[in-house]
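Welcome! Please keep the sequence and the 3D view at hand as you read.

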Amino acid sequence: GLNGAVTVDAGAAVNIETSANPADVFRFNTGGFSGGGPGTVITLNGAGRIGLVPACSYTGNWVLNSGGLQLHNANSLGNTLNQITVNAGTIMGSLSTTAIPQPIVLNGGTIGSINGDFAYDGVISLAVPSTVTLTDTVSGNVARGVTLNGVISGTSPLSVIGWYRTKVLTLTNTGSTFSGGINIDSNGVLQVTADSNGTGAI
């Protein structure tokens, strides 16, 4: 892992290549990312995982093309307006007392959790069919609950993959407008706690 801050130039396009081994994790342990500005993007590629441990002050967007991104702090992604696009791979919240506030574009990737249940507070856009997994995205044999508190929009379906029906995907926002429906596998469970959670078949 890396102990120390990483400063990103404004407008930079930063590419981070992870290990080819999905079990490998490279952690940014202290300092986090700072700098950035309009037009700045950090893109993550590779089969391995990146762990963002501290809070950071970075301003700019994120793109996950493969592998996994572990978030260990509510401000791991920096500014609350920073958008993360998940083209493939899995964004993984860690620690059940933390919620990620940034907007998420699900472009074929997966939202999940490790080390406990997890909540995502930012708005979520469903660009193409995407997934929420209720199985620990590291150990693979433990159920984890996921709560989506932000407005969900888009016309693509969301699939829910569970683990022996022991944890649920909870949707809480009354303003969601997504219309692609929700596909629930035989082990998935959906809990709706708001009056309006989009349209479409379940």
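## An open sheet

Strand β9 and strand β12 (residues 118-120) pair in the parallel sense over two bridges. Here strands (E, at least two residues) and helices (H or I, at least four residues) are DSSP runs numbered from the N terminus, and two strands pair if DSSP finds at least two bridges between them. Within this pairing, I100 stands opposite Y120 of β12. In general, strands of a sheet pair through backbone hydrogen bonds, either parallel or antiparallel.

β9 and β12 belong to an open sheet of five strands, ordered β9-β12-β15-β18-β20, with parallel pairing. Which strands stand at the edges of it? They are β9 (99-100) and β20 (190-192); each has a single partner strand, so one side of each is left without a neighbour in the sheet.

## How to read the model

This is a predicted model, in which local features need pLDDT of at least 70 and side-chain atom pairs count only at pLDDT 80 or more, while totals for chains, interfaces and linings use all residues. Residues are numbered from 1 along each chain as its sequence is written, and side-chain values use heavy atoms, with hydrogens and water left out.

## The whole protein

The secondary structure comes to zero helices and 20 strands. The C-alpha trace spans about 45 × 35 × 30 Å along its principal axes. A compact globule of 202 residues would have a radius of gyration near 17 Å, and the 16 Å of this protein agrees with that; the radius is taken over C-alpha atoms, and the globule rule is 2.2 Å times the number of residues to the power 0.38.

Of the 202 residues, 46% count as buried. Buried means under 20% relative accessible area, exposed means over 50%, and partly exposed lies in between (1.4 Å probe, protein chains only). Among contacts (heavy atoms within 4.5 Å) with a separation of 6 or more, 44% come from residues 24 or more positions apart.

## Strand β6 and its neighbours

Strand β6 is joined to strand β4 (residues 49-52) by four bridges, and the two run parallel. Four bridges also join β6 to strand β8 (residues 90-94), again in parallel. Are the residues on the two faces of β6 buried or exposed? G68 and Q70 on one side and L69 and L71 on the other are all buried, so both faces are covered.

The loop between β6 (68-71) and β7 (84-86) holds H72, which is buried at 17% relative accessible area. Its side chain makes a polar contact with the side chain of Q70, at 3.3 Å. A polar contact is a pair of N or O atoms within 3.5 Å; within protein, one must be able to donate a hydrogen and the other to accept it, and residues adjacent in sequence count only if both atoms are side-chain atoms. Leaving aside neighbours within four places in sequence, H72 is in contact with R27, G51, L52, V53, S94 and L95.

## The nonpolar core

In soluble globular proteins, nonpolar side chains tend to be buried together. A nonpolar core is a set of buried Ala, Val, Leu, Ile, Met, Phe, Trp, Tyr and Cys residues joined through side-chain atoms within 4.5 Å. The largest one here has 37 residues, and F33, I111 and L148 have the most contacts inside it. Strand β3 (residues 25-45) gives the most to this core, with four residues.

Rings of Phe, Tyr and Trp (its six-membered ring) pair if their centres lie within 6.5 Å; planes under 30 degrees apart count as stacked, over 60 as edge-to-face and the rest as tilted. By this rule the count comes to five aromatic pairs. F26 and F28 form an edge-to-face pair, 5.3 Å centre to centre with 75° between the planes. F26 is partly exposed at 39% relative accessibility, whereas F28 is buried at 7%.

The rings of Y58 and W62 have their centres 5.4 Å apart and their planes at 75°, so this pair is edge-to-face. Y58 is buried at 0% relative accessibility, and W62 is buried at 2%. Ring pairs link F26, F28, F33, Y58 and W62 into a cluster.

N183 is found in strand β19 (residues 182-184) and is partly exposed at 42% relative accessible area. Its C-alpha atom is separated by 6.1 Å from that of V160, 23 residues apart along the chain.

N115 lies in the loop between β11 (110-114) and β12. Most residues other than glycine have a negative phi. The phi of N115 is near 65°, a positive value.
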